[in-house]
Amino acid sequence: MDEPLDCLIIGGGPAGLTAAIYLARFRLDIRVIDAGNSRASWIPCSHNHAGYPDGINGKELLRRMREQAQKYGAKVETGRVTRLEKEDDGLFAADWGSGPQRSRSVLLATGIINRRPPMDPEIHDEAMARGLIRYCPICDGYEVTDKKVGVIGSSENGVGEAIFLRSYTCDVTLIAPDRALDLTAEECERLKAAGVTTVDGPAAAIEVIENGITVDTAAGLMTFDSVYPALGSDTHTQLGEMVGATLAEDGCFLCDTKMRTSVAGLYAAGDVVHGLDQISHAMGEGGQAATTIRNDLAELSPILREPMNEPELATAKEAG
């Protein structure tokens with residue numbers, strides 16, 4: 001094994017890469033292991049990310065963040081961590097494609113994955129690229145202003161999303177993913193008051209057409225400008241559970257305000273922690289987690305790094 005890292009970051013989305021930028025600039029020895037499936041990479045063009053008036057593609061944003069982290073010495077590698085354990089000496093040991101790695105601390109920025117409707121993956125990706133399938137009304141509800149919108153979902157998720165989107169357009173239809181909508185009397189009343197149409201499912205045979213997207217429902221084939229699947233999501237907490245991290249009621253990691261989990265030396269940030277599932281929020285948590293990690297490590301070792309010598313200082317200045 002290599003010498004222990006100061007921090008191993010698992011996940012290379014906005015939270016993990018923001019933390020990597022901070023920790024590298026704190027002059028700590030870190031590594032990012034990224035499986036390459038950040039939800040941010042799905043975004044064709046984000047219009048509510050501050051600083052990009054014309055929007056920015058999700059993959060491009062992640063590329064710039066990786067480049068910035070690497071500029072300051074962060075090692076970013078592609079792979080999937082399959083095992084995490086805490087050893088008797090307090091260090092963490094992780095297994096991934098290139099072998100075992102030990103670290104004084106670990107940041108889990110493993111995120112969540114949205115449940116997809118029944119579609120061929122290639123058709124789904126084409127629909128995402130064209131804005132026909134959308135997953136985040138907070139991010140892109142503005143883009144469906146006055147459009148015809150379908151929401152595939154039921155119960156609390158579907159009702160909440162449909163009513164939220166109703167503030168952008170008067171043409172919103174809530175479609176049951178299975179057979180009949182699972183709604184309470186109160187939810188039915190809320191949908192009626194908001195002017196949301198309801199249709200029984202199953203929502204099947206979702207197809208992309210030239211000018212929109214179609215969904216086969218109990219009411220027949222329906223055409224929309226955009227469809228929002230509100231089918232829930234799965235949180236990637238498996239690695240934290242391997243070392244005994246406590247989960248909150250919603251299945252996310254239970255953290256304090258400084259992003260510490262219940263396991264000493266283990267931190268979490270981004271969508272894997274309860275909160276607003278937004279890039280800006282994930283980046284804020286990444287910065288908070290990184291600062292906490294630096295300060296916690298300093299408690300154990302007040303001098304984390306020896307001062308740079310003259311050649312190192314000159315090289316750092318040339319790098320900016």
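Thr217 stands opposite Gly220 in strand S14, where strands are DSSP runs (E, at least two residues) and helices are DSSP runs (H or I, at least four), numbered from the N terminus. The model is predicted, and local features need pLDDT of at least 70, side-chain atom pairs count only at pLDDT 80 or more, and totals for chains, interfaces and linings use all residues. Residues are numbered from 1 along each chain as its sequence is written, and side-chain values use heavy atoms, with hydrogens and water left out.

Strand S13 (residues 212–217) pairs with S14 in the antiparallel sense over 5 bridges; two strands pair if DSSP finds at least two bridges between them. Both belong to an open sheet of 3 strands in the order S12-S13-S14, with antiparallel pairing. The edge strands, S12 (204–209) and S14 (220–224), each pair on one side only. From one strand to the next the twist averages 20°. Helix H3 (residues 121–130) lies across S12 and S13 and runs at about 50° to S12. Contact means heavy atoms within 4.5 Å. Axes are lines fitted to C-alpha atoms, for helices over the stretch in contact, and angles run from 0 to 180 degrees between N-to-C directions.

The axes of helix H5 (residues 155–165) and helix H6 (residues 185–194) come within 10 Å and cross at roughly 15°. That makes H5 roughly parallel to H6, a term for angles under 35 degrees. Ser155, Glu156, Val159, Ala162 and Ile163 in H5 meet Glu187, Arg190, Leu191 and Ala194 in H6. The residues of this contact divide into 5 nonpolar, 1 polar and 3 charged; Ala, Val, Leu, Ile, Met, Phe, Trp, Tyr, Cys and Pro count as nonpolar, Asp, Glu, Lys and Arg as charged, and the others, Gly among them, as polar.

Terms used
Parallel < 35°, antiparallel > 145°, perpendicular 65-115°, else oblique.
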